[in-house]
Amino acid sequence: MLRILIFTALIMSVATKTSAQDSSFRLNMKLSGHRANLEAVAFSPDGKWLASGGWDNEMRIYKADTPKQWSEVRGHRSHRAAITSIAFSKDGKFVASGSKDFTIQVYETETGKAVFSASDHKDAVTRVLFDAKSKFIMSSSVDGTIRMYDLLEPKNNEKPRFIKYTGPINSFVPAIDGRSFFVASNKAVIDIVDFKGTVLRTLAGHSDVVTSMALSPDGKKLISGSYDKTVINWDLTTGKALRALKGHLWKVTSVCWNNDGRYMASTGNEGETIVWDAESGQTLTTITKPGNNARCASFSSDASVLAIATMMQIKDHGPVLYTTPLRSAKPIKKPAAPTAAKPAVGTKPAANTAAKPK
């Protein structure tokens, strides 16, 4: 009996250590300014700027006074429904937001000047991304399309460029070859599609809806999150899963890499944010407070700060910042993708309605 009790105590001790938050990940500060829960957060590539957005329909911009102290610079109120996605361009000059009002907005980071907007989608925007040269802004939507807009030569947008997929798109990632896209939908597989929307092949490994994806800095790996509570790290050379990471209590809501691809972070519907070692798949920490539904996370350029967008039962909302013991090496330079062919010409959007989140 004594041996059983000792063995049980040891198991409980190990379980506590592996599931609890590492003490070296410390809550630094909670930023304010939002009037409702957040859905998206993103650091600029140089780590000097932070943007967040959510259910108050606003994107707020913060600037680093010091590496650990941030202040709000401005707010953008051009959306009429919740902001679902935020992205900075690779050179940090632009910041974009996508919304449930079917639109995307692009601003100059430094000045806040509005430089581009589009309302071609027929349903909620699920993700916005810039290409590697900061020339194109791309967006995906529940309407089943991926759309591309030329920021540097607006006249090229007179003919809509879009890829038509077979169903709602939860997330997308351009492949490193510049000729195809990884698409996450309401299926348990990730489809790889060309510019005609043809499915070239699939990545099978999840057992439920795939919610989110992120390409590694070197373009050789992909991580994905799912309703099945797992995060899968894919080897894109072979198209096979390197490992399925377990630790989330319910649906995985987002995944991201740090700048050099050494660390990954994922958020979950139960409020937890998990930081992983990319090479081994080991859980480095599980952050469970504050908030009861973590929606998105982002590493600063040197990985010393982790920003989390979460839902909290308070009046004053904003990103939560944690200091970490992590450090990034020099960011990996992603190979320039070749110029892709133009997608098919599309049509104009239908009437606007706003959808509620799942």
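Reader: How many aromatic pairs does the structure hold?
Author: This is a predicted model, and the structure holds four aromatic pairs. In one of them, Phe172 and Phe181 have ring centres 6.0 Å apart and planes at 50 degrees, so that pair is tilted.

Reader: Are Phe172 and Phe181 buried or exposed?
Author: Both Phe172 and Phe181 are buried.

Reader: Which residues do ring pairs link into a cluster?
Author: The cluster is made of Phe172, Phe181 and Phe195, linked by ring pairs.

Reader: What about charges over rings, say Arg147? What does it lie over?
Author: Arg147 lies over the face of Phe162, and the distance to the ring centre is 4.5 Å.

Reader: And where does the charged end of Lys251 sit?
Author: The charged end of Lys251 is over the ring of Tyr227, 4.3 Å from the centre of that ring.

Reader: Switching to sheets. What is the strand order in the open sheet of four strands?
Author: The order is β18-β19-β20-β21, and the pairing is antiparallel. β18 (210-215) and β21 (240-246) stand at the edges with a single partner strand each, so one side of each has no neighbour in the sheet. From one strand to the next, the twist averages 20 degrees.

Reader: How many bridges pair β18 with β19?
Author: Five bridges, in the antiparallel sense, with β19 covering residues 221-226.

Reader: Which residue in β19 is the bridge partner of Val210?
Author: Val210 has Ser226 as its bridge partner in β19.

Reader: Now β3 and β4. In which sense do they pair, and over how many bridges?
Author: β3 and β4 are antiparallel, paired over five bridges. Ser52 has Arg60 in β4 as its bridge partner.

Reader: What does Arg60 stand opposite in β5?
Author: Gly75 is opposite Arg60 in β5. β4 and β5 (residues 69-76) run antiparallel and are joined by seven bridges.

Reader: Back to the hairpin of β3 and β4. How many residues are between the strands?
Author: Four residues are between the strands, and Asn57 in this hairpin takes a positive phi near 70 degrees. Asn57 is found in the loop between β3 (49-54) and β4 (59-66).

Reader: Why remark on a positive phi?
Author: Because most residues other than glycine have a negative phi. Asn57 is a residue other than glycine, and its phi is positive.

Reader: What is the relative accessible area of Asn57?
Author: It is 22% for Asn57, so this residue counts as partly exposed. The cut-off for buried is under 20%.

Reader: What is phi of Ser134?
Author: Ser134 has a phi of about 60 degrees, positive although the residue is not a glycine. Ser134 is found in the loop between β10 (125-130) and β11 (136-141).

Reader: Is Ser134 buried or exposed?
Author: Ser134 has a relative accessibility of 3%, so it counts as buried.

Reader: Whole chain now. How many helices and strands are there?
Author: The protein chain has one helix and 29 strands.

Reader: How many residues, and what share counts as buried?
Author: The protein chain has 358 residues, and 54% of them count as buried.

Reader: Last one, contacts. What share comes from residues 24 or more positions apart?
Author: Among contacts in the protein chain with a separation of 6 or more, 47% are between residues 24 or more positions apart.

Note on methods:
Residues numbered from 1 in each chain as written. Predicted model: local features only at pLDDT ≥ 70, side-chain atom pairs only at ≥ 80, totals over all residues. Heavy atoms only, no water. Phe/Tyr/Trp six-rings, centres within 6.5 Å; stacked < 30°, edge-to-face > 60°. Buried < 20%, exposed > 50% of the residue type's maximum accessible area, 1.4 Å probe, protein only. Lys NZ or Arg CZ within 6 Å of the ring centre and 35° of its normal. Pairing = 2+ DSSP bridges. Helix = DSSP H or I, 4+ residues; strand = E, 2+ residues; numbered from the N terminus. Axes fitted to C-alpha atoms, helices over the stretch in contact; angles between N-to-C directions. Contact = heavy atoms within 4.5 Å.
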